[in-house]
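Open the model in your viewer and keep the selection panel handy.

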Amino acid sequence: MTTDTSEKGLETLIMRQMTGTDGLAVAPNRVTERPPPYGGIGYTAGSAQDYDRAYALDVPQLFAFLHATQPEAFKKLALADTHDARGISRLKFLARLSGEIGKRGVIDVLRKGVEHGPVHFDLFYGTPSPGNAKAEKLHAENRFSITRQLAYSSDETRRALDLCLFINGLPIATFELKNSLTKQTVEDAIQQYKRDRDPRERLFGFGRCVVHFAVDDSEVRMCTELRGKGSWFLPFNKGHHDGAGNPPNPNGLKTDYLWKEVLTPGGLTNILENYAQIVMEKDPRTGKKKRKQVWPRYHQLDLVRKVLADVRAHGPGKRYLIQHSAGSGKSNSIAWLAHQLIGLTRDGKEAFDSVIVVTDRTLLDDQIQTTIKQFMQVSSIVGHAEDSGDLRRFIEKGKKIIVSTVQKFPFILDEIATESGKTFAIVIDEAHSSQGGKTSAAMSQALSAPAEDEEAGPDPEDTVNAALEKRMAARKMLTNASYFAFTATPKNKTLEMFGEPLPPDAEGKVKHRPFHSYTMKQAIKEGFILDVLEAYTPVSSYYKLVKKTEDDPEFDTKKAQKKLRKYVEGHDHAIRLKAEIMVDHFHEQVLAAGKIGGQARAMVITSGIERAIQYFFAFKAYLGERKSQYQAIVAFSGEHDYDSARVSEVSLNGFSSGEIAAKIQTDPYRFLICADKFQTGYDEPLLHTMYVDKPSRASRQCRPCRGSTVRTRRSMTASCSTSRTMPRPSASPSRTTTGPRCSPRRPTPTSCTI
């Protein structure tokens, strides 16, 4: 038998595995009674003729569901003929439902239903609680259907989608399919969405579909909002050998996990109940609010489900290490995990009385509240423990989620040790210590040789490890608590403390591995981390560093040679001379070239607070001499003695520390000079160039640069990452590590070392 390798062949394969039929000859208006089971995973094949383009609904499926589950309410619609497309009552109800979907989004409509006059209609019945026969019966009436070649367009082009998935007649997901055997890939599917799927079409309006999938036989990408050429498609792949893509599947296509595992009726219900959401994001500068639709990436879904399954199997008392790189969406992962841990049951009882989230990030605190708000009242669920008294009070009151800081972690252990009758889940965000202080993320490791000062404070990872190690030594480890530690690059001590032990090696040594991983390698390959090593060349001789490059044809090499020679010959002026090189390069090769539409910013990484302050004054003086319209901002922790005076960020910049991230986005500020701040987890799309004057602890080999670089004496390791994925550039893959986040919507970022 000949294998159909065409796009239609992939359509047929998916339809047969989901519905048991090929879905090609489905008669319209035949959904009053369920079709006989032909196999599949619980879906029925829909008819493209049943789709109402004006309201973006599969009306027969919708009415069949309402009639079966809410017959009395359905009678009140007074539909003389449900098939009469011109019936006034029918049109009014469909207009009402379609309007609510447009205003609230299909996720909220499925969860909360709609009011139509005095009548309330439920549009979906979620997972029933054990033993609730009525809820189980209603849940079984949900109609999961999938329609192939859905003609969605209201104009004469009659464009059609390969597949569209519905629940009770409401659209949930669309699919564009490609097959590499026909020389087309997932990238072609993405381009088809961007080129041919007009976001003005009702089906593609914001919130009307939860997710859009681009699929081939090797990869899956997803998008939650179609915006033409501006649509962002994120990877939805399992990963393979710590990298991108999917592992070989001996039993079928590499991508069949999408419909066999993720989009089963049970799997999709779980996502709609616990992950998918529309959140409101507020621009802190303008105050403008914008809605954003969220769908979990594969590794986030996989992590939470595996953790819940393990806790359900083993109960409280275990420790879990989650090694998720920058760009992995840790904030959402932690929020989703915390929310679902409070509802987890084991042997008919709640597995945990309270979930304690240990973090120093305001962003995560806000994200937890946003996630919980989708499902229940935040005020009664979430508490913020500022001191041990708050923690004790919240535990006594039965607060389900308690947020505290890393610095209070030892006191948290002491407090819950007195609560022997209760169980706790402790979720630890070790990777960040706000925007300041040392961190355990990769960039800090690469850039952090011994600093000139140690005012940054203790590493939060060390704080957590020390507290647990102290209890272990005293044999007082808590058996009523489970620990879930999130970090990007765990130290050996963290691996030993939280990781899973492997069998002893030949020398009898026991190594440990994380419970779950989303590696930097995968994040880089998937385009979530932009590595400035691609635009960087380490050279041992400083004379080579001023050689012309193809990207810097106008660079004044004689001027640079003179300044570098002066640097070698007279160290008293080293800071000033290096500042001149950075300022000159940025003005002449970045700003003059119109990088990021002329809005490019630069970061200067220094080895300590004193050096950062020296650079700040050097930049200020030289920018003034150049009569430049731009200024620099300095970022460091605490106060510092400098030139017989006590200085801080506020006294030097003229505004508070909390305003730095917003100020650098606005003119006249173009340079951000940092001492152990803003080097991990910092998301700034305007950041283009990085200058590093700091010894490198890591020794790495790098390819010659492709972008514009000032090249000077010392090697470095640095990078940029993004929390959103854009079409990947044609440049060869990035190499390593994470750092400040930059938008990939621009030419390769540049870096230089001094």
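The tour visits a pair of helices and then a sheet with a helix packed on it. Keep in mind that this is a predicted model.

**Stop 1: two helices**

Select residues 59-69, helix α2, together with residues 88-104, helix α4. Their axes lie 13 Å apart, and the helices pack at an angle of about 95 degrees. An angle of 65 to 115 degrees counts as roughly perpendicular, so α2 is roughly perpendicular to α4.

Now show the side chains. From α2, pick Val 59, Leu 62, Phe 63 and Leu 66; the residues they meet in α4 are Arg 90, Phe 93, Leu 94 and Leu 97.

**Stop 2: the open sheet**

Next, colour the 7 strands of the open sheet in their order, β18-β19-β17-β20-β21-β14-β24; the pairing is parallel. Which strands stand at the edges? They are β18 (382-384) and β24 (516-518), and each has a single partner strand, so one side of each has no neighbour in the sheet. On average, neighbouring strands are turned by 15 degrees against each other, direction ignored.

Zoom in on β14 (residues 319-324) and β21 (residues 481-487), which run parallel and are joined by 5 bridges. Here you will find Tyr 320 opposite Phe 484 in β21.

**Stop 3: a helix on the sheet**

Terms used:
Residues are numbered from 1 along each chain as its sequence is written. This is a predicted model: local features need pLDDT of at least 70, side-chain atom pairs count only at pLDDT 80 or more; totals for chains, interfaces and linings use all residues. Side-chain values use heavy atoms; hydrogens and water are left out. Axes are lines fitted to C-alpha atoms, for helices over the stretch in contact, and angles run from 0 to 180 degrees between N-to-C directions. Helices (H or I, at least four residues) and strands (E, at least two) are DSSP runs, numbered from the N terminus. Angles under 35 degrees count as roughly parallel, over 145 as roughly antiparallel, 65 to 115 as roughly perpendicular and the rest as oblique. Contact means heavy atoms within 4.5 Å. Two strands pair if DSSP finds at least two bridges between them.
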